[in-house]
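Welcome! Let's take a walk through a protein model together, one feature at a time. Keep the viewer open and follow along as we go.

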Amino acid sequence: MNPIVDIQNVSHRYKTREALKGVNLSIGRGEIFGLLGPNGSGKTTLFRILSTFFDPTEGSVKVEDLDLRTDAPKLRKKIGVVFQAPSLDARLTVRENITFQGSLYGLAGKELHTRVQSMMARLGIADRAAELVQRLSGGLKRRVELAKGLLHNPALLILDEPSTGLDPGARIDLWKYLKELREKEKITILVTTHLMEEAEHCDRLAILNEGKVVVIGSPHNLKKEIGGDILHIQTQDAAELARQIEHKMKIKAIHVNGMLQIEHTDGHKLIASLIENFPGKIDAVTFRKPTLEDVFVHKTGHRFWTEDVL
Ligand code: ADP
Ligand code: MG
């Protein structure tokens, strides 16, 4: 794989706070790549570095072999950026917002007009061209932001928490457009998110925790590595039952939220033998497939959301 983005050993400090600690990752051409992590894990910092806001304290960042430290102006032209906070001028029309962005990238005259027109058509907002942005729904505003980010034909589109503030319908809409862009134009997409459901859309993910990459892989493979199914057992005396399960069945059960949790390849069969082996001791059993949250817990030893975040 000849990566379009190559990030090596990137660390970043804001005064004394270390926001990124030795991040390595590369993104293949045409991938939809996700950076998944809880608040404060360093996603926006990496996003700002990629969007050429600032250089990292240490390490190297390359996009299509252009080095961020020496080629930032050229590199900037290869990247389309969609910020987390809404970046539209609500008092301007859809067309004015997109046109203004084009002039920032040095486009003008007929070429600018043609591109704005075709971008609006592609994102299904051409019939809203003359409407003030403040009158649009959240989902349509996001499409205008996508149009802005794509206007200069970037090879890489980066989006910081693109689903924030969108209702479920608008989220589906956003992902439909992102997938279309990748299919039709082979554009590479990097999305940061703290939402597990959103991360599921990505081809590959890097899970970030406290400024470090914990693991990289496809959502499917990451969940598969957990080892199959997950059972939660409700019981009166969790510690005692865990001891007995380990002794009798050679299976490890851990405490999670007052219940016992078992990871096992054949969860459905295990339910039957647990109930046979420990009559009267099990009040309830739930069965589920692993989620990305389980991957996070497995790799970091703590939950995705800690109390102080909530
Ligand atoms: P995320 O986007 O994953 O929530 P950030 O990259 O915004 O994470 O933040 C990573 C860490 O860096 C956090 O501890 C945050 O408080 C800190 N941080 C972010 N921006 C600044 C800043 N401008 N000055 C000082 N600390 C910052
Ligand atoms: Mg952030």
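## Starting at the ligand

An oxygen atom of ligand 1 sits 2.7 Å from a polar backbone atom of Gly 40. Please keep in mind that this is a predicted model. Ser 41 also has a polar backbone atom facing an oxygen atom of ligand 1, here at 3.2 Å. With Thr 45, the side chain takes part: one of its polar atoms lies 2.5 Å from an oxygen atom of ligand 1. How much of ligand 1 does the protein bury? Taken alone, ligand 1 exposes 560 Å², and the protein buries 65% of that.

## The residues around the ligand

Now look at the neighbours of ligand 1. Among them are Tyr 14, Arg 17, Ala 19, Pro 38 and Asn 39. Gly 42, Lys 43, Thr 44 and Arg 48 also belong to this surrounding group. Sorted by class, the shell has three nonpolar, six polar and three charged residues.

Which element gives the largest share of this shell? The answer is H1, with four residues. Helix H1 covers residues 43-50, and both H1 and S2 supply at least two residues of the shell.

## A sheet of four strands

Next, find the open sheet, in which four strands follow the order S2-S1-S4-S5 with antiparallel pairing. S2 and S5 stand at the edges with a single partner strand each, so one side of each has no neighbour in the sheet.

Inside the sheet, strand S1 (residues 5-14) pairs with S4 over five bridges, in the antiparallel sense. You can pick out one example: Ser 11 has Glu 58 in S4 as its bridge partner.

## Salt bridges across the chain

Side chains of opposite charge can pair when their charged atoms come close.

In one of them, the side chains of Glu 64 and Arg 29 meet, with an N to O distance of 2.8 Å. This pair links distant parts of the chain, 35 residues apart: Glu 64 is in the loop between strand S4 (58-63) and strand S5 (66-67), while Arg 29 is in the loop between strand S2 (17-27) and strand S3 (32-36). Glu 64 has a relative accessibility of 23%, so it counts as partly exposed. Arg 29 and Glu 64 also belong to a network of salt bridges together with Lys 78.

## Two more pairs to find

Glu 31 and Arg 204 form another salt bridge, and their closest N and O atoms are 2.5 Å apart. This pair, too, links distant parts of the chain: Glu 31 is in the loop between S2 and S3, Arg 204 is in strand S9 (residues 204-209), and 173 residues separate them. Is Glu 31 buried or exposed? Glu 31 is buried, because its relative accessible area is 12%, under the 20% cut-off. Arg 204, at 22%, is partly exposed.

Asp 203 is in the loop between helix H7 (196-199) and S9, and Arg 182 is in helix H6 (residues 168-185), 21 residues apart. Asp 203 is partly exposed at 28% relative accessibility, whereas Arg 182 is buried, with a relative accessible area of 15%.

Notes. Residues numbered from 1 in each chain as written. Chains lettered and ligands numbered in written order. Predicted model: local features only at pLDDT ≥ 70, side-chain atom pairs only at ≥ 80, totals over all residues. Heavy atoms only, no water. Salt bridge = Lys/Arg side-chain N within 4 Å of Asp/Glu carboxyl O. Buried < 20%, exposed > 50% of the residue type's maximum accessible area, 1.4 Å probe, protein only. Near = heavy atom within 4 Å. Polar contact = N/O pair within 3.5 Å; in protein donor to acceptor, adjacent residues only side chain to side chain. Areas by Shrake-Rupley, 256 points an atom, 1.4 Å probe, with all protein chains shown as cover. Nonpolar A, V, L, I, M, F, W, Y, C, P; charged D, E, K, R; others polar. Pairing = 2+ DSSP bridges.
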